Structure formats: C-alpha cells, structure tokens
Protein chains: 4
Amino acid sequence: MRVRSARRPAGTATAQVTKPSPMRGEIVAAAAEIIVRKGYAACTMRAVAALVDMKAGSLYYHFKSKDEIVEEILNQGIETLHARVAEALRSLPADAPFAGRLSAAVGVHVASLVGKDQQHMHVYEHLPPVIKRRSRKMRETYTRLWLDLFAGGVASGEVDAGIDLHLLVPYFLGGLNRVPEWMRASGASSDQVAALAVTTLLDGIGAGR
Amino acid sequence: MRVRSARRPAGTATAQVTKPSPMRGEIVAAAAEIIVRKGYAACTMRAVAALVDMKAGSLYYHFKSKDEIVEEILNQGIETLHARVAEALRSLPADAPFAGRLSAAVGVHVASLVGKDQQHMHVYEHLPPVIKRRSRKMRETYTRLWLDLFAGGVASGEVDAGIDLHLLVPYFLGGLNRVPEWMRASGASSDQVAALAVTTLLDGIGAGR
Amino acid sequence: MRVRSARRPAGTATAQVTKPSPMRGEIVAAAAEIIVRKGYAACTMRAVAALVDMKAGSLYYHFKSKDEIVEEILNQGIETLHARVAEALRSLPADAPFAGRLSAAVGVHVASLVGKDQQHMHVYEHLPPVIKRRSRKMRETYTRLWLDLFAGGVASGEVDAGIDLHLLVPYFLGGLNRVPEWMRASGASSDQVAALAVTTLLDGIGAGR
Amino acid sequence: MRVRSARRPAGTATAQVTKPSPMRGEIVAAAAEIIVRKGYAACTMRAVAALVDMKAGSLYYHFKSKDEIVEEILNQGIETLHARVAEALRSLPADAPFAGRLSAAVGVHVASLVGKDQQHMHVYEHLPPVIKRRSRKMRETYTRLWLDLFAGGVASGEVDAGIDLHLLVPYFLGGLNRVPEWMRASGASSDQVAALAVTTLLDGIGAGR
DNA sequence: AATGAATGAGGATTCATTCAT
DNA sequence: GATGAATGAATCCTCATTCAT
C-alpha cells in the first residue's frame, strides 16, 4: 500500500520521506524567487504564500516548516545541477579530450545557474550558516564530480600534474558560482562567460599564447 | 587607528556626517563578527550590544540605525581593502612587470579577506540585496582599480589583448572573494591560494604551459 | 454496548439529537485518552483523528465541533458513573445500614474513576470553565444522588444530624475525585483508598475512635 | 559585582535567577486571575498584557516566556502557602494539642486558597501536565509539612496509629484544595468549611460521635 | 553615554473548521 | 463516510526602535 519510494526516479538516492506534489514544487520555486530577488529576510511565509496565491498557514499543509522549504531549494537545485552536468559528460564520446569535457561541463553549469529554474546557488549565499551546513553533503558530492573531471585531465596528460586539485576545484567552482551575480549587469551571455572561464582556465591570459 | 578618513582613497567622497568614535569601531567589529559566525539573522541589536557590553538601546547613541552599522561594515571593509591593495601597487617600482603587480595585488587581497580584521566580504554574502546595493559605488571603485591593473597589462603587451576585461575582472574577483569560505576547510594557506590564483590566471592549467 | 440512552437515569432528559454511532464512541474515547495523558492543549482534532485512523476533517462527519466531543466525554462519563453507583445502591437490601451503603457507593465511585474506561473526572480538570459549566446540570444530578444517600443516614440516625450536608457532600466528593491524581504515585489500590475514605469519614482519625 | 542572590529573602531557597521586580508581580497576578476566571486557554499573552496595560511583546521584557509566568504563579503560590501555614504552626505554643494544630493549619490553608491573593491552587487544575510536573518538588515539600503535622499527632497518641499517613495526607489535602471551586457557590464562609473539615477528619460523621 | 522599559510591526506556526470531490 | 486542500484567526515570540531618566 505504501509504494511511495518506488515512484522516485532511480538514482536520486535521497531519503525523501515526504511525497512530492505539484504544489511543493511551486512553493519551492516561489521561495527561491523571493530569496534571489529580495534576499532571505524578505522570504517570509506570507510572501511565499502570496506568490502561490495562498494564505501563509496553508503552506504548512505542504511543508512542515520554513526550513524544509529552504532545504528543498538547495537540495533540489544541486541534485538537478549534478544530474545535468553528469548527463552532459556522459553524452560525450568516451575518448573526448579534456578541453571538450571541461567546456561541456562549464557550459551546462553556467547555463543552469543563470537559467530561470536554477537559482539555488544564488539562494545559497543568503542563507544562515546553520542551513547551509545541512546541504553540505550534497554539495560535496557535486564537487567530487568536478574533481574526477580534472583528475581525468591529469591522467591523460592534458592537465598540469603539479596542480593541487583540491585547491583548484573549489577555487574554480567558486568563481563560476558567482557568475549570475554580475552577469546580468555586464550584459554578457552565459555562453560568453562560459567560454571565458574555459579559455582562461586552460591557457591563462598571458599574451604569449 | 582611527584614521579612516585620512586613508580614504580620493574620489570616494562619501559625506560621512557622523563623526567617528572609538565605540563606533568596536560596534562595527562586533556586528561583523556575529554575521560571519552565525549569519545575518543572528546579528540582532541586542546581540551586538551584548558583545560590546552594552544594552541594545545604547547603540542608538552611536548609530542612527542597524542599517548604518551594516553599511559601515561594508564600506569600511572595502575602503581598507582598496587602500591596502592600492598601497601595495604603489610601493612597487613604476616599471614592475604585470605578473609582479598582479601577484602583489592578489596577495594583499586574499590575505586581507582571510585576515581577522577583514570580514566584510564574508559579511557581504549574508546581506539583503537592498543593503548590498547601497555599497555598490564603493565596490565599483574597487573594481576599477583592478580594471586599471589589467589594462596596464594589456597596454604593456603582457596580457592578451583579445580578452574582454569587463568580463574577466568580475569573474576573477568573484573567484577570489569566495576563497575565505572554503580555504579554512582545505587547510591551505592564503599564500598558497594566492599563488594558485595568479599562476592559473596567467598561464592556465594546460600541461603544455 | 451502545445502550447509553436506555441507561440514562430518569430525569436527565438531555435532548440528544445526534444519533449515536460506533464511531462517535471511538472518537470520544480517543479524545479522552489524549486529554488524560497529555492535557487539553494536546487534544487537537488532528491528534484525535490520528488515534482513530482518520484525517481531521472527517471528524466533522460525526461531530459538529470539537466542543461537542468534549461535552460528550463529560456527559458520558458522569452518566456512566451515576448509573453504576445507583445500580450498586439499588442492589443492596432495602434495609442495609448507612455504613454499608456508603461503602458500596464510595467503592464503585473510586473504582470507576481509576478504571480505564472512566477518565472524565480526570479530563474535567483540564477543561476551560465555559465547557465545565455546560456539564453542570448532569453533575448536580449526580451530587443529589449522594445527598440523598447521606440524608438517608441522617434519617436513620446513623449520621450526626448537626452536619450541613450541602457542605459535606461537595467536600467529600471533591476529595474523592482527586484520588486518581495521586493514587498511582502512592502505589495504593483503589480498594485501600476507598476503605480509607469511608473509615475516615465515619469515625474520624482520632485515637479515641 | 554579581550580588543579586544576596538580595533574596532568606529561607526562600529557590534558585531564582531572575531578579524580582514590581512588574513581574503584577504580571503574574494578572495571569493568575485570567486563568482562574476563564481558564488556561484564555490566558494569552495579549490578555495578560491588556490587564497590566501593556502590549503583548512588552511582557517579554519581564519574562522569558509564557511558561515562566505560569511557573511563577505556581511556585509563588505554594511558597506563600507553605510560609503561612508554617508560620501559623510555629506561633502556637510548643505543647499545643494536635486538634489545635490541625485546626490552625486547615484554617490558614483554606483561607489562603479562597483569598484574593492565592489562586495558584485554582490555577493548578487548568495547567497542561508538562507544566504541572515542573512544580512537583515544591508541592512535595508542602505535603511533607502536613505529613509532619500528622506524624506529630500519631506520636502524641492523638491520632490513630493504624492510619497510613501517606494515603491520608494527599487524600485530605486533595479535598481541601477543591474547596474554592464549590465554596462560593454554596454560600459558606471559609471558616465554616475549615471547621467542617477539621471536625469531620477528627471525629467522623457517625452519630455516635 | 547609557539604560530600563516599552512599543508596534511583523515572523513562524498551529488549529478548528470548511468544502468540493 | 472520508479526504485533500485550504483558510483565517489566533498564538507565542522577536526585534528594531524610541524615550524619559
């Protein structure tokens, strides 16, 4: 009678006790939008409710608490991001060169962050530390995906073996994650930014090359 | 220690009506510490007051509002940062090569962000957009400092002229600003990180160099 | 089991419009259990519903309101109590001495209060005065039963005629009703307590007897 | 520098961290009055605040939480009661007979419960179990006072040694504590009720005396 | 300079209740 | 008979702010 877990898409190993529902999705999206646009402080239950045409109390039918909503923004966001980037890499030929793999990953990552449906990274900044901590595991998993990508580059001799990947990866992702904040203002497209990030990282900006 | 106004980079003509006082500094520092450690939400007037051994109401003798405190964290932080980096550049020989100038700037920037007295960047993330916006002018001034640095590199032929600096600079600074968040966890020193950032940016990570 | 109306002591002409149903009984029992164990505040419609494997809204098919449930706890409880004590007295020989009648009544009363199925007195304490007031009539009827019992004792010369029964009865019943609260803790049996109450009331605790 | 504890009246061994203030007293009194008159549910912070001419939020300057107020009602009440009864007993000649001591104690106890300033016992009934539990220790101390009183009676041969005091005392106090509930309605004075309780307990109601 | 006391606006949350299905 | 979804009113509580002292 209780077949809920069977419904969950394979591969999403999160122990999601609460069943998904269309409303949950809408609420999470509304909350994310508010946080991105006006900050965490402005994201009150009343504000979220108003955006989905409800009264504040009604949100509690779908979520146990405000935190649960915020956590879901984070988790959903990273999961989706991970899935997309992983898929992009998987769809490349097995012998694709590192530059190509990097380019694909960066492209998807940046496009996702900037896209309408992916604001979690943008949200992340506004969250109180206590809540940030809770999504750490998921974030680490995602970081590992990138670590593996770069490790592949080192293995194939395409990346300088002298580089400490455990420093490079967070540094590189950190820069990438900040992109949405200034991109809109600079008038650039996400493709341009992705290209800049890839070229810069691979070849540097030195005039000698 | 209270030389802020003297140090203020020319051109930043903020009409700072309120006279500085030692207490102001202590309060700003207390607020910054709380934000960094426990997040913006935990930074209540009472909490700040407690940290400087006062009662909440007393803070209003020194500041007109909570926002004023927060703004001062930001402004003070960027001003100091600007001053330090500018000073570091100025103290180099006029004909110093770009690589050296970049290295100096990055070193000071990163060291400052990670240092005890400079948590404004760390604070910045937690702030509601409305407040962030207010410090934009100061931030733009700082960004220009870097733009000029890179432009110098292009002019001297040390930096690839094909690069859009208006994209590169925010991208690069964005990455740099994120450093404090993961640096402590990775166990790296700020020197290591600075070196990584400089080398990577100049030469890229490609094995061919 | 659903013979409530048949048992109702003559004179208690409550116009019970709502037809009884097995579900009503279960719900009332569930509510009573919650109140006794966790207090009135914990007795929410959702909690009651959960205990009878329902959703909150469904309770409204059986009861017009929460108050109706609570009132039924009270009424059902006093009715049952009344019926049991009355039955115990009726089953005694018509010429039974006062001591015996008192003993029988106290025994049944205490045993009932402590028994699993009779928690209304325990519930009574937690109720808001407004609701308490509503069950007054039923309680007065029960009090009259005891008044008659004692009046019989006076008439037969077994009880000191100088005693104001309108003071004694509420005083005595008040003490009896409190029994469940401390009895479990003291480790006594309801028989012991009943015996104590009877002896004490009849003979006092003076050493001279 | 922290000499607060020195201020506390000797004998009141409660670890009362929060300093007393006239407002605290007024608030506690207001809350008690509401609970007695309209029940625990009606005792909202707003209602209490209104009674002391404040806004709800202001109460939190004086108390950390609603629970703290309620607990203080209980503790204050029992402490006062204990102090009064103890004082009444102490002021009797050392060789006063048991009947006299009992009479004095019951008189003070009943008068207190019924008096304007002592409604805690009346309040007690309305409280959720969780809160009741918290005042247990204080209540046990008070119970012991009565236990000692009766034990004295047994020792002097004035009380039947065969009686289980650990049953009798809660039973007797239970009855006494209920008095306020019906007394007003019956039109009796607290002296009458006290007399009834004492005579009944000492000699019983048997016509033979 | 600082504080004790208060305020008012607003926050998250809970709950009895309703109603279409 | 029962439920899923929603509501609105109320609850406790927090906080920036004010102001007389």
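How do the residues of the surface near DNA strand F divide into nonpolar, polar and charged? In this predicted model, the division is 12 nonpolar, 12 polar and 6 charged. DNA strand F is surrounded by 30 residues. The closest of these are A:Gly57, A:Ser58, B:Gly57, C:Gly57 and D:Gly57. Two elements give two or more residues to this surface, namely α3 (45-51) of chain B and α3 (45-51) of chain D.

The contact between chains D and C was examined next. It involves 36 residues of chain D and 35 residues of chain C. On the side of chain D that touches chain C, at least two residues each are supplied by α10 and by α11 (190-203). The largest share of that side comes from α10(D), with 11 residues. By residue class, the side of chain D that touches chain C consists of 20 nonpolar, 10 polar and 6 charged residues.

The crossing of α10(C) past α10(D) is right-handed. On the chain C helix, the contact is made by C:His166, C:Leu167, C:Pro170, C:Tyr171, C:Gly174, C:Gly175, C:Arg178, C:Val179, C:Trp182 and C:Ser186. These meet D:His166, D:Leu167, D:Pro170, D:Tyr171, D:Gly174, D:Gly175, D:Arg178, D:Val179, D:Trp182 and D:Ser186 in α10(D).

A:Ile73 is located in helix α5 (residues 66-90) of chain A. A:Ile73 counts as buried because 25 C-beta neighbours lie inside 10 Å, the threshold being 20 or more. Leaving aside residues up to four places away in sequence, the contacts of A:Ile73 are with A:Val28, A:Ala31, A:Ala32, A:His120 and A:Val123. A:Asp53 is 20 residues from A:Ile73 in sequence, and the C-alpha to C-alpha separation of the two is 19 Å.

Key. Residues are numbered from 1 along each chain as its sequence is written. Chains are lettered from A and ligands numbered from 1 in the order in which they are written. This is a predicted model: local features need pLDDT of at least 70, side-chain atom pairs count only at pLDDT 80 or more; totals for chains, interfaces and linings use all residues. A crossing is left-handed if the near helix is turned anticlockwise from the far one by less than a right angle, and right-handed if clockwise. Helices (H or I, at least four residues) and strands (E, at least two) are DSSP runs, numbered from the N terminus. Two residues are in contact if their C-beta atoms, placed from the backbone, lie within 7 Å. A residue is near a molecule or strand if its C-beta atom, placed from the backbone, lies within 6 Å of it. Ala, Val, Leu, Ile, Met, Phe, Trp, Tyr, Cys and Pro count as nonpolar, Asp, Glu, Lys and Arg as charged, and the others, Gly among them, as polar. A residue is buried if 20 or more other C-beta atoms lie within 10 Å of its own, exposed if 12 or fewer, and partly exposed in between; C-beta atoms are placed from the backbone.
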